[in-house]
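These are my notebook entries on a protein model that I was asked to examine.

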Amino acid sequence: MRHVFCTLLLCFAIHNCMAFDWKPQTNERLRSDMIAFARQFEQETKGTPAAKLLHKFVRQQERKAKTDAYAWIGDTYDIVAKLKAIYPPLTNDDSTASLIRKRTLQLLDYPIHVNNRAPNINTAEKEAFEKNLDSYLLQARQRALAFLAEPAPADGKLALCKVYNMGYILRTSRHTVIVDLCWEGTSEEAAFIASKADAFFLTHNHGDHFSKIMLQTLLDAGKTVVVPNVPVGKLQSDKFYVLDEELTTPRSIAGIDVVTMRGQQGVEFPNNVYLFDIDGWRIIHQGDNEIREKEAHVADYDVADIVIAASWNKIHNILGAAMKAKGADQRPPLFIPSHENEKGHGVDHRESYHELFDRADRLGDATFHYPPFMLLDIGETYLFSK
C-alpha cells in the first residue's frame, strides 16, 4: 500500500511540474526531474524490456551524478535511442508499446531542455548540451540519407521520413517530395538529396523550415522548388516557382497535384497550407499557419491520409476540419505531430512532448474527438499501406 501511495505521489509531482510551459531549470533540478520521470516510466512498464533498461539506467545515473554532473545528458539520448530501436513508430492505441513510445519521447525532452542560453551557464554543461545535441541531430540526418538511399517503395505504398521539425521526405514508387526541410549537413549531402528529389515545397520563409544551400542545390540540379514568396537570397531558375495564390482546384506541379490555402505566420510571413496528392496519397502539411479560417478549408476536400501539423499550433482547428472532410467518418486521417523540441528556440518555447500530452489545446483535451496519431522522432521513418 505504501508503494502504491508513493508511486501516486511521484506521478502527481511530475504531472504538476510539467503541466505548464517548460521553465528554465538548473542542471541539478533538470537531472533530478529526469530521474524521477524515468523511475515512473519503469513502474508503468514493469515486465517489459523497457523497464529492464530503465532500471539499469536509473541506477547508473544515481552513481554517476556523484562524479559527473553532466553525464546524464548524453546517457539520456542513449537510452532513448535504445528504446526507440525496440519500440518503433506505431499508430497510437491503448497498448503498452504505445505508452512506451509516448514516455520515450517525453524522456527526450529533458536533455533538449538544458538551458544553454543561461548567461551564467557552466562551460562544461554547455559543452555537454551542444556535443550531445549535435550528435543526436547528426544521427537523424544520417538516417534520412539512408532512407533516400533505399529503393523506392512498392506501388501503392508511401514511405515517410521526419527529418527535423516540420521537415519531411515523402516517397512513393514514382515520386520523392520534400517539404520544409532545413538541411544542416554538408553540400555533398545536399547534392545527394537533390539527386533523389522531384520537388521541394516550402510553407513559409522561416529559417527552421528551409536552408538556402538546400534550395540552391535543388535548383542547380534542375529540380522544382515551390515557395510562398521569394526567400532571403537570390535564387534563380526556371524551376523556381513562387506560389503566392490560393489553389482551390488541384494544380499539377512536378507531377504532384497541389491545393493551397494561403495563410500567414505572424505579420510578415505568408504560409501556404498544402494539400498534396502524391500518386493517390493525400497529405496535408500545415507549416506554421496561424490563420485558422484558411486551414479550415481542408474540410472542403476528400479526406487526407495524413495530417502533418505543429503540435503547438492550436491543432484542434486543423484536426477538426480534417475530420469533417468527405470520407473521414469511414477512414479518419492519421495525425503526425511535429515541430517539437526546436533547438533554435529558448527553453520555454522548445515545445515539449510533455506539453503535447498535458495541454488541453494539444492532445490533452478529453472532450475533443482526435483522429489516430503516430509519434515520430527526427530521423524516424514509416512505410504506409492502404
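This is a predicted model: local features need pLDDT of at least 70, side-chain atom pairs count only at pLDDT 80 or more; totals for chains, interfaces and linings use all residues.

The entries below record what I looked up, topic by topic.

**Entry 1**

**Entry 2**

I looked up the strand order first. An open sheet of 7 strands runs β6-β5-β4-β3-β2-β1-β13, and its pairing is mixed. At the edges I found β6 (240-242) and β13, each of which pairs on one side only. From one strand to the next the twist averages 20°.

I then followed β1, residues 157-164. Is this strand mostly covered or mostly open? It is mostly covered, since 7 of its 8 residues are buried. On one side, 5 bridges join β1 to β13 (residues 381-385), and the two strands run antiparallel. Within that pairing, C161 stands opposite T381 of β13. I also recorded 5 bridges between β1 and β2 (residues 167-171), again with the strands antiparallel. In this pair Y164 stands opposite G167 of β2. β1 and β2 form a hairpin with 2 residues between them. In the turn, N165 has a positive phi of about 65°.

Elsewhere in this sheet I checked β4 (residues 199-201) against β5 (residues 224-227). They are joined by 3 bridges and run parallel. F200 has V225 in β5 as its bridge partner.

I looked next at what lies on β4, β5 and β6. Helix α8 lies across these three strands and runs at about 135° to β5. The helix spans residues 212-220, and D220 is found in it. Is D220 buried or exposed? D220 is exposed, because its relative accessibility of 61% is over the 50% cut-off. I also took a distance from this residue: the C-alpha atoms of D220 and A65 are separated by 51 Å, the two residues being 155 apart along the chain.

I located S211 in the loop between β4 and α8. S211 counts as buried because its relative accessible area, 10%, is under 20%. Leaving aside neighbours within four places in sequence, I found S211 in contact with L181, C182 and W183.

**Entry 1. Cysteines**

How many disulfides does the structure hold? The count is 0. As to burial, C161 has a relative accessible area of 0% and is buried. C182 also counts as buried, at 15% relative accessibility.

**Entry 2. The sheet β7 to β12**

I then turned to an open sheet of 6 strands, in the order β7-β8-β9-β10-β11-β12, with mixed pairing. Its edge strands are β7 (247-253) and β12 (334-338), each pairing on one side only. The twist averages 25° from one strand to the next.

I checked one pair in detail. β7 is joined by 4 bridges to β8 (residues 256-265), and the two run antiparallel. The bridge partner of L247 in β8 is T260. Helix α10 (residues 315-322) packs on this sheet, where it touches β10 (281-285), β11 (306-310) and β12. The direction of α10 makes about 170° with that of β11.

**Entry 3. The crossing of α6 and α7**

Finally I looked up a helix pair. Two packed helices are described by the angle and the distance between their axes. For α6 (residues 123-149) and α7 (residues 187-196), the axes come within 10 Å and cross at roughly 35°. The crossing is left-handed. On the α6 side the contact is made by L145, L148 and A149, and on the α7 side by E189, F192, I193 and K196.

How values were computed
Residues are numbered from 1 along each chain as its sequence is written. Side-chain values use heavy atoms; hydrogens and water are left out. Axes are lines fitted to C-alpha atoms, for helices over the stretch in contact, and angles run from 0 to 180 degrees between N-to-C directions. A crossing is left-handed if the near helix is turned anticlockwise from the far one by less than a right angle, and right-handed if clockwise. Contact means heavy atoms within 4.5 Å. Buried means under 20% relative accessible area, exposed over 50%, partly exposed in between (1.4 Å probe, protein chains only). Two strands pair if DSSP finds at least two bridges between them. A disulfide is a pair of cysteine sulfur atoms within 2.5 Å.
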